[in-house]
Amino acid sequence: MKMGTMDSCPCVIERIIKRIDQMPGVRKEGRPLFGNSFCRGLRPIALLAITLAIGFAALPGRVVAEEGDVDLVRGEELFALCTQCHSSDGGGNRKVLAPAIAGLPAWYLEMQLKNFKEGVRGLHAEDTGGLRMYPMSLWLRDEADQKSVAAYVASLPSVELAGELEEHGNAAKGAGYYAVCSACHGPDAAGNQAMGAPPLTGQNDWYLFSSIQKYKHSVRGGGKGDMFGAAMIGMVKTLPDDNAILDVIAHIQSLEK
Ligand code: HEC
Ligand code: HEC
């Protein structure tokens, strides 16, 4: 679907990405985002995103979903914004660091959209991908928007993904490492809502790698109030080095149907 109001969208997004990436604080070591000058630097971006949000909230021809409602039509409209980075089929795009989201469970999508919007995830100065996703989460005005787009994305068929990592691990060794992970993510890596653990199958290998690396360095999971992310920071300590990470990913990929 295409909407006239969004024709200028990609270049706006490119500008946002460029501005975030060029900021002096980004990718510098050990600089917390909140309470320093970089935080002030982010404000214009947040304002721009909010301005966009107000613009997009006035999408034509829709009756606004009521609080708590799941409106798949509204969800599909909102998804048009996401495709710029996450691809039209929701299968992700490594070039812009955006992972596959199609077919992820709605509860997990909602949880992450909330995490980004509340600044629990994605604001660490070294989190290049998170810093791109954060302003996008502000486009979703309220919980009804989050629920609608989450329900729509969850309804999309998961995309068959080609492995993109240059180096590959040993799946048999990875099965040993995965024993710990299976307690939450399940033996088949299909995820477990009660544990807050998302499915790991059907996800881009490069994104699994980068997420595990981020947890290792508390770039993800160290945000204030990120209980679930903090749990993962503890768990990745069981993977001693990059080879172990590649091994566990090889095992996860061997679980795909
Ligand atoms: C400007 C590019 C961009 C746009 C537009 C965008 N995203 Fe993202 N999104 C990203 C990036 C980059 C990440 C990876 C963040 C990371 O590495 O932690 C991400 C991560 C996510 C995640 C976390 C996935 C996971 O497995 O934890 C969800 C959910 C998500 N995006 C949903 C959306 C939705 C829904 C929209 C549309 C409303 C959207 N995104 C629009 C770039 C974008
Ligand atoms: C105690 C339960 C638990 C265990 C054990 C666990 N995880 Fe997780 N995992 C989670 C939770 C909860 C999340 C969501 C965290 C967040 O919101 O950032 C998660 C998220 C992830 C993600 C990010 C997925 C995405 O879509 O962004 C990856 C990758 C991951 N775990 C891999 C592993 C691996 C590999 C192991 C074993 C070494 C493991 N996990 C062990 C609970 C667990």
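The following paragraphs lead from the overall fold of this predicted model to one helix contact and then to the surroundings of a ligand.

The secondary structure of the protein amounts to 10 helices and zero strands, so that, read along the sequence, the pattern is α-α-α-α-α-α-α-α-α-α. Of the 257 residues in the protein, 35% are buried.

For helix α4, which spans residues 106–117, and helix α5, which spans residues 128–137, the angle is about 95° and the axes lie 8 Å apart. Because angles from 65 to 115 degrees count as roughly perpendicular, α4 is described as roughly perpendicular to α5. On the α4 side the contact involves L113, F116 and K117, which meet M133, Y134 and S137 of α5; by class, the residues of this contact comprise four nonpolar, one polar and one charged.

Turning to ligand 2, its shell is made up of 26 residues, and the closest of them are C181, C184, G196, F228 and G229. The elements that contribute two or more residues to this shell are α7 (171–185), α8 (205–216) and α9 (227–235), and α7 supplies the largest share, with six residues. Sorted by class, the shell around ligand 2 holds 18 nonpolar residues, seven polar residues and one charged residue.

Terms used
Residues are numbered from 1 along each chain as its sequence is written. Chains are lettered from A and ligands numbered from 1 in the order in which they are written. This is a predicted model: local features need pLDDT of at least 70, side-chain atom pairs count only at pLDDT 80 or more; totals for chains, interfaces and linings use all residues. A residue is near a molecule or strand if its C-beta atom, placed from the backbone, lies within 6 Å of it. Helices (H or I, at least four residues) and strands (E, at least two) are DSSP runs, numbered from the N terminus. Ala, Val, Leu, Ile, Met, Phe, Trp, Tyr, Cys and Pro count as nonpolar, Asp, Glu, Lys and Arg as charged, and the others, Gly among them, as polar. Axes are lines fitted to C-alpha atoms, for helices over the stretch in contact, and angles run from 0 to 180 degrees between N-to-C directions. Angles under 35 degrees count as roughly parallel, over 145 as roughly antiparallel, 65 to 115 as roughly perpendicular and the rest as oblique. Two residues are in contact if their C-beta atoms, placed from the backbone, lie within 7 Å. A residue is buried if 20 or more other C-beta atoms lie within 10 Å of its own, exposed if 12 or fewer, and partly exposed in between; C-beta atoms are placed from the backbone.
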